[in-house]
Amino acid sequence: MMNETVIEKQGYRLHMIQSNKFKTLHFVAKFIAPLSREDVTKRALLPFVMQQATENYPTSNAFRQKLDDLYGSTFSMDGSKKGEMHILTARMSVVNPSYLSANEPILEEAVRFFNEALFAPKVWQTVLIQKLLRVKNNHLDKKLTVLKIIKCNWQTCA
């Protein structure tokens, strides 16, 4: 049986759905903002950056190692568009602590990690990260060009 509780606070709405039939707990956070030409590239790159490192896990390896330490938890982030709104969605999955034999505070650690990934991402100023962002930006530019060509072909442009 599933029960949903909704808590509304200033700036966010929290939905909690309780169920006893799953072995995995899922956290999802959505950040919604109006689409703007000035921010679209930055918002497209943001999920890539936020999945790399945080202040306490300053490298991609440390970030992934922490997820492994949380019994193979996963963290992902992506962007989408709905109407004229841009949506960044962060997801984390972690094993339900009731299925573990050890009495570890895995849920608290997972919530702390999720919070840090969202609100304390590693801010990089190094040449390597700027280079990676340029590569990702070029990839997005090429993808956009291909989409324009496909659209033009469907419309039989000259």
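**Surface and overall make-up**

I looked up the accessible surface of this predicted model first: the protein exposes about 11,700 Å², and carbon and sulfur atoms supply 56% of it. Accessible areas come from the Shrake-Rupley method with a 1.4 Å probe, and for residues only the protein chains shown count as cover.

I noted that local features need pLDDT of at least 70 and side-chain atom pairs pLDDT 80 or more, while totals for chains, interfaces and linings use all residues. Residues are numbered from 1 along each chain as its sequence is written, and side-chain values use heavy atoms, with hydrogens and water left out.

I recorded that buried residues make up 23% of the 158 residues; buried means under 20% relative accessible area, exposed over 50%, and partly exposed in between (1.4 Å probe, protein chains only). Of the contacts (heavy atoms within 4.5 Å) with a separation of 6 or more, 63% come from residues 24 or more positions apart.

**Elements**

I found four helices and five strands, in the order β-β-β-α-α-β-β-α-α from the N terminus. Helices (H or I, at least four residues) and strands (E, at least two) are DSSP runs, numbered from the N terminus.

**The sheet**

I traced an open sheet of three strands, ordered S3-S5-S4 with antiparallel pairing; two strands pair if DSSP finds at least two bridges between them. Strands S3 (24-34) and S4 (74-82) are the edges, each with a single partner strand, so one side of each has no neighbour in the sheet. Neighbouring strands are turned by 15° against each other on average, direction ignored.

Between S3 and S5 I noted 11 bridges. Ala29 stands opposite Ala90 in S5. Helix H1 (residues 40-50) lies across S3, S4 and S5 and runs at about 175° to S4. Axes are lines fitted to C-alpha atoms, for helices over the stretch in contact, with angles from 0 to 180 degrees between N-to-C directions.

**Thr89**

I located Thr89 in strand S5 (residues 85-95). Thr89 is buried, at 2% relative accessible area. Leaving out residues up to four places away in sequence, Thr89 touches Val28, Ala29, Lys30, Ser76, Met77 and Asp78.

**Nonpolar patch**

I then examined a nonpolar surface patch of about 340 Å², made by Ile7, Tyr12, Leu14 and Met16. Patches are made of residues with over 30% relative accessible area and no salt bridge, like charges being joined within 9 Å and nonpolar side chains (Val, Leu, Ile, Met, Phe, Trp, Tyr) within 5 Å. A salt bridge is a side-chain nitrogen of Lys or Arg within 4 Å of a carboxyl oxygen of Asp or Glu. Strand S2 (residues 12-18) gives the most to the patch, with three residues. Tyr12 lies in S2 and counts as partly exposed, at 47% relative accessibility.
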